[in-house]
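Visitor: I am new to this structure, and I would like to know how its descriptions are reached. Could you show me around?

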Amino acid sequence: MKLATLKNNTRDGQLVVVSRNLTKAIAVPNIAVTLQNALDNWQEIAPKLALVYRRLNEAVFNSDMTGMIDFEQANCESPLPRAYQWADGSAYVNHVELVRKARNAEMPETFWTDPLMYQGGSDAFIGPYDDINVASESYGIDFESEVAVITDDVPMGISSEQAASHIKLLMLVNDVSLRNLIPGELAKGFGFFSSKPSSAFSPVAITPDELGAAWDGKKLHLPLITHLNDTLFGKPSCGVDMTFDFPTIVAHAAKTRPLSAGCIVGSGTISNYDRSAGSSCLAEKRMLEIVANGVASTEFMKFGDKVRIEMFDDNGDSIFGAINQKVVEYKMS
């Protein structure tokens, strides 16, 4: 099942069911007005949405379904325009190891056994085709291409084995980072805040069954494709070198508190030890340059730069739609 949220001049948008080929959609206000509404009552609502999804896919080729519209990705909010929780992990520890190596810092052994995670701002996500507004290029503007899951209600203290059943939807993420603000914030000992502006998620959120064999219940085994200014930047495999799988990081998030339905948990930047597939953020490429040459030659994003993040199935079809954004200078009105 594929679900999206269309912009409609409200904070939480209009939930629509989207056809498998991402060409058609239909609103379902008689079932759930918003995606959060659906997640709050997922056990009851999901089968009804699945029935609409089946009928929509059957109707795509003969256009005989009342209320069916053309699906335009540019008209989408993030599937959850705001959420009760956005917890982003760093499941690809080789990425963390590389960053620390570039500044000659030892990495604690616990990083391999205890997941890293930060609590991001979740009150104002931006749409997948919305501009990334930043006040200054000096902040060190970077994209981070990731995968995220959405859960239903997750009890506190749950095991990773139990957590797997609470993963209801998957999305792609651009976890925008302002790299030059990060060192000062981390030095304070309280973690990220200003250095992590609003994130964007893929136009469509999907149920795990849409991935077939590419989803094993714990990891997504497909490449994540990132283009910077229409040039391929990276296509690392999401299922390779993932130290902590999704059930593990969901369980980590719920270690000392329950998670409410609609909680989003991110994978962190997708990264492989085999660097031939490229990277999923500028910081990693810069770190590789520092390790190899002693200095970074790749610049962070400038105003006017564009990033596109997308995932394709084995037939070359887009699964989640694309995150397709441009960096623009923010000016207060």
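Predicted model: local features only at pLDDT ≥ 70, side-chain atom pairs only at ≥ 80, totals over all residues.

Guide: Let us begin with a definition: helices (H or I, at least four residues) and strands (E, at least two) are DSSP runs, numbered from the N terminus. Residues are numbered from 1 along each chain as its sequence is written, and side-chain values use heavy atoms, with hydrogens and water left out.

Visitor: How many helices and strands does the chain have?

Guide: The chain has seven helices and 18 strands.

Visitor: What makes the radius of gyration of the chain agree with that of a compact globule?

Guide: The radius of gyration is taken over C-alpha atoms, and the globule rule is 2.2 Å times the number of residues to the power 0.38. For 333 residues a compact globule would come out near 20 Å, and the chain has 19 Å, so the value agrees. Along the principal axes, the C-alpha atoms fill a box of roughly 60 × 45 × 40 Å.

Visitor: Why is Asn9 called exposed?

Guide: Buried means under 20% relative accessible area, exposed over 50%, and partly exposed in between (1.4 Å probe, protein chains only). Asn9 has a relative accessible area of 86%, so Asn9 is exposed. Asn9 also has a phi near 70°, a positive value in a residue other than glycine. Most residues other than glycine have a negative phi.

Visitor: Which other residue has a positive phi of about 70° although it is not a glycine?

Guide: Asp230 is one, in the loop between strand E14 (225-228) and strand E15 (231-234). Its relative accessible area is 64%, so Asp230 counts as exposed too.

Visitor: Why is helix H6 called mostly covered?

Guide: Helix H6 (residues 246-253) has eight residues, and six of them are buried. These are Phe246, Pro247, Ile249, Val250, Ala251 and Ala253. Their cover includes strand E6 (117-119), strand E9 (145-151), helix H4 (160-163), strand E10 (167-174) and strand E16 (264-266).

Visitor: How do you know that Thr151 is buried?

Guide: Its relative accessible area is 0%, so Thr151 is buried. Thr151 is in strand E9. Beyond its neighbours within four places in sequence, Thr151 is in contact with residues including Leu39, His166, Val250 and Cys263. Thr151 and Pro128 are 23 residues apart in sequence, and their C-alpha atoms are 20 Å apart in space.

Visitor: Where is Thr269 found, and what does it touch?

Guide: Thr269 is in the loop between E16 and helix H7 (282-293). Not counting residues up to four places away in sequence, Thr269 touches Tyr92, His95, Glu144, Ser145, Glu146, Ser280 and Cys281. Thr269 has a relative accessible area of 4%, so Thr269 is buried. The C-alpha atoms of Thr269 and Ser90 are separated by 6.9 Å, although the two are 179 residues apart along the chain.

Visitor: What share of the residues of the chain count as buried?

Guide: Of the 333 residues, 56% count as buried. Among contacts between residues at least 6 apart in sequence, 73% join residues at least 24 apart.

How values were computed
Contact = heavy atoms within 4.5 Å.
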